Amino acid sequence: MPRQRPAPHRTVGAVACLALLGGLATGCGSGAVEVDTPQLEGDDARACARLVDALPETVSDQERRQVEPEDAYGAAWGDPAIVLRCGVAMPGSFDDFATCQETNGVGWFIPEEQLTGEPREIVMTTIGRSQNVEVRLPAAYWPPAAAMVDLAPALKLATVEEKPCV
């Protein structure tokens with residue numbers, strides 16, 4: 001059954017220590033992580049709900065955390081939080097000449113300026129799939145390959161490859 005999205009006038013949670021970061025807020029410690037996902041309908045809503053249900057309990061050896069709102073099309077693991085959002089738009093820096101990295105059958109786009117070879121926060125987005133999925137990976141979990149491997153089975157189960165990563 002598709003998840004029902006909360007009304008646009010969501011109430012602010014009681015998590016006292018939230019730091020805003022590019023459309024999401026990560027909670028301190030074991031509190032819920034606020035995940036701002038887009039309003040979705042139809043196939044997109046169903047696919048993103050399937051993805052959230054299929055996601056693993058651990059990513060990069062980090063345990064899954066509660067998210068706010070509970071029915072967000074997203075998930076979080078660890079502290080600092082690895083945050084996944086489903087149904088997002090492609091990043092503005094993605095174009096026909098962008099580099100694609102394929103890991104376990106899932107293509108990913110990471111902006112060139114984030115590929116420094118040094119541990120740093122990165123934002124990686126699936127490409128060539130029916131729904132775009134964004135993952136914010138803090139520098140603490142560098143390199144991103146472990147997260148890509150951990151997420152691949154759920155991504156392949158819940159989303160459809162429309163164009164292979166080349």
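Reader: Which residues is Trp108 in contact with, leaving aside its neighbours within four places in sequence?

Author: This is a predicted model, in which local features need pLDDT of at least 70 and side-chain atom pairs count only at pLDDT 80 or more, while totals for chains, interfaces and linings use all residues. Residues are numbered from 1 along each chain as its sequence is written, and side-chain values use heavy atoms, with hydrogens and water left out. With contact taken as heavy atoms within 4.5 Å, the partners of Trp108 are Thr99, Cys100, Gln101, Met124, Thr125, Thr126, Ile127, Val133, Val135, Met148, Leu151 and Leu155.

Reader: Which residues does a second, separate core of seven residues include?

Author: A nonpolar core is a set of buried Ala, Val, Leu, Ile, Met, Phe, Trp, Tyr and Cys residues joined through side-chain atoms within 4.5 Å, where buried means under 20% relative accessible area, exposed over 50%, and partly exposed in between, with a 1.4 Å probe and protein chains only. The second core, which is separate, has seven residues, among them Val35, Ala72, Ala76 and Val83.

Reader: Which members of the largest nonpolar core touch the most other members?

Author: The largest nonpolar core holds 29 residues, and α1, β7, β8, β10, β11, β12 and α2 each supply at least two of its residues. The largest share, seven residues, comes from α2. The members that touch the most others are Leu51, Leu55, Trp77, Leu84, Trp108, Met124 and Leu151.

Reader: What is the order of the strands in the open sheet of eight strands?

Author: Helices (H or I, at least four residues) and strands (E, at least two) are DSSP runs numbered from the N terminus, and two strands pair if DSSP finds at least two bridges between them. β4 (58–59) and β9 (101–103) stand at the edges with a single partner strand each, so one side of each is left without a neighbour in the sheet. With antiparallel pairing, the order is β4-β5-β7-β8-β12-β11-β10-β9.

Reader: What angle does the direction of helix α2 make with that of β10?

Author: Axes are lines fitted to C-alpha atoms, for helices over the stretch in contact, and angles run from 0 to 180 degrees between N-to-C directions. Helix α2 (residues 145–158) packs on the sheet and touches β4, β7, β8, β9, β10, β11 and β12. Its direction and that of β10 make an angle of about 130°.

Reader: At which residue does α2 bend?

Author: The bend at a residue is the angle between axes fitted to the seven residues ending there and the seven starting there. In α2 the bend is about 40°, and a proline, Pro153, follows within four residues. The residue at which α2 bends is Ala152.

Reader: Is Thr126 buried or exposed?

Author: Thr126 is found in strand β11, and its contacts beyond four places in sequence include Met90, Trp108, Val133 and Leu155. Its relative accessible area is 0%, so Thr126 counts as buried.

Reader: What is the relative accessibility of Leu115?

Author: Leu115 has its place in the loop between β10 and β11, and leaving aside neighbours within four places in sequence, it is in contact with Gln101 and Ile110. Leu115 counts as partly exposed because its relative accessibility is 33%.
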